[in-house]
Amino acid sequence: MATPEISQVLLTEEQIRVRVRDLAAEIDRDYAGRALLMVTVLKGALYFLADLTRAMEIPLAIDFMAISSYRGGKGPSGAVRLIKDLDEDLTGRHVLLVEDIIDTGLTASYILRALQARDPADLAICTLLDKTARRIAHTLPIRYRGFEVPDLFLVGYGLDYRQFHRNLPYVGVIGDDFLRREPASS
Amino acid sequence: MGDRAILRFAHESEEELARILDFYGIRWEYEPRSFPLDWDEQGRVVESFSPDFYLPDFDLYIELTTLKQSLVTRKNRKLRRLRDLYPNVRVKMFYGRDFRNLLVKYDLHPSAAP
């Protein structure tokens with residue numbers, strides 16, 4: 001591995017490719033005959049959405065949104081907010097929220113509330129990675145999950161550590177030793 | 001949501017979690033309930049467990065634990081007892097590493113970890 005902070009590969013490029021193809025087939029079957037809108041939140045699920053949709057055959061539309069990140073005492077306080085809204089109207093549409101990872105579920109929970117308020121016909125979640133160890137929002141409608149993953153700090157295939165490593169073709173683990181040593185950025 | 005202006009959190013990590021919950025619009029209450037775990041022969045409560053947070057939207061209690069193994073062991077025992085006595089109560093334990101990694105995810109300094 002070219003990046004020493006990555007202690008192991010959790011999911012190889014091949015494992016991801018096979019699973020994404022299976023998920024695509026499953027979604028194709030379930031949404032056959034319905035116009036599907038796949039929504040994702042920048043930036044983590046970018047690669048997953050791209051590979052998933054290219055493996056699908058049913059007609060579909062894609063759209064993107066972005067939300068502000070929690071910055072603790074370092075940034076402006078207040079509440080999460082949309083910093084890029086969807087272009088598509090959701091009313092009466094079959095909407096699938098595509099996520100790279102569901103961890104605490106707080107982000108997904110916020111986005112679901114925002115999407116639900118726009119009266120879609122149906123709203124569900126497809127997540128590549130499902131990390132349940134720290135789940136707070138345990139009522140999320142996760143209809144498709146790629147892999148259940150342990151409570152490790154994961155990077156690659158869209159997931160970042162301080163905005164880096166998103167472009168790795170595999171999902172790797174940032175080692176505990178590295179996280180303990182590394183000071184926070186200011 | 002709790003009113004942090006009048007609350008005194010036992011640890012910095014609890015205040016940080018309260019800020020995270022506020023950010024995502026999740027209602028919370030701080031140590032709203034104490035669960036009796038053991039009684040003496042006179043029926044007096046001799047041991048109880050007060051989880052740090054209750055989230056009414058998810059009907060979920062959250063307890064943050066320290067990185068010290070001896071305290072984790074004691075809390076784990078309490079948590080098992082609570083689950084035995086109150087099987088319908090949903091409690092989530094956040095261990096020191098869980099919370100530290102959560103802070104790293106937000107690019108915050110892990111010193112706030114319990």
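User: Quick one to start: which residue in E9(A) does A:Phe153 stand opposite?
Analyst: That's A:Ile174. Bear in mind that this is a predicted model.

User: OK, and how many bridges join E8(A) to strand E9 of chain A?
Analyst: Three bridges, with the two strands running antiparallel. E9 covers residues 171-174 of chain A.

User: What's the strand order in the open sheet of three strands?
Analyst: The order is E1-E9-E8 in chain A, and the pairing is antiparallel. E1 (6-11) and E8 (153-155) are the edge strands, each pairing on one side only.

User: And what does the twist average from one strand to the next?
Analyst: 40°.

User: Switching topic. Which residues make the nonpolar surface patch?
Analyst: A:Leu42, A:Leu46 and A:Tyr47 make that patch, at about 240 Å².

User: Where is A:Leu46 found?
Analyst: In helix H2 of chain A, which spans residues 46-54.

User: Why does A:Leu46 count as partly exposed?
Analyst: Because its relative accessibility is 38%, and partly exposed is the class between under 20% for buried and over 50% for exposed.

User: Now A:Asp130: buried or exposed?
Analyst: A:Asp130 counts as buried, because its relative accessibility is 1% and the cut-off for buried is under 20%. A:Asp130 is found in strand E6 of chain A, residues 122-130.

User: Which side chain does a polar contact join to that of A:Asp130?
Analyst: The side chain of A:Arg145, with a contact of 2.6 Å. So the buried A:Asp130 has a side-chain polar contact to A:Arg145.

Notes. Residues numbered from 1 in each chain as written. Chains lettered and ligands numbered in written order. Predicted model: local features only at pLDDT ≥ 70, side-chain atom pairs only at ≥ 80, totals over all residues. Heavy atoms only, no water. Pairing = 2+ DSSP bridges. Helix = DSSP H or I, 4+ residues; strand = E, 2+ residues; numbered from the N terminus. Axes fitted to C-alpha atoms, helices over the stretch in contact; angles between N-to-C directions. Patch = residues over 30% accessible without salt bridge, like charges linked within 9 Å, V, L, I, M, F, W, Y side chains within 5 Å. Areas by Shrake-Rupley, 256 points an atom, 1.4 Å probe, with all protein chains shown as cover. Salt bridge = Lys/Arg side-chain N within 4 Å of Asp/Glu carboxyl O. Buried < 20%, exposed > 50% of the residue type's maximum accessible area, 1.4 Å probe, protein only. Polar contact = N/O pair within 3.5 Å; in protein donor to acceptor, adjacent residues only side chain to side chain.
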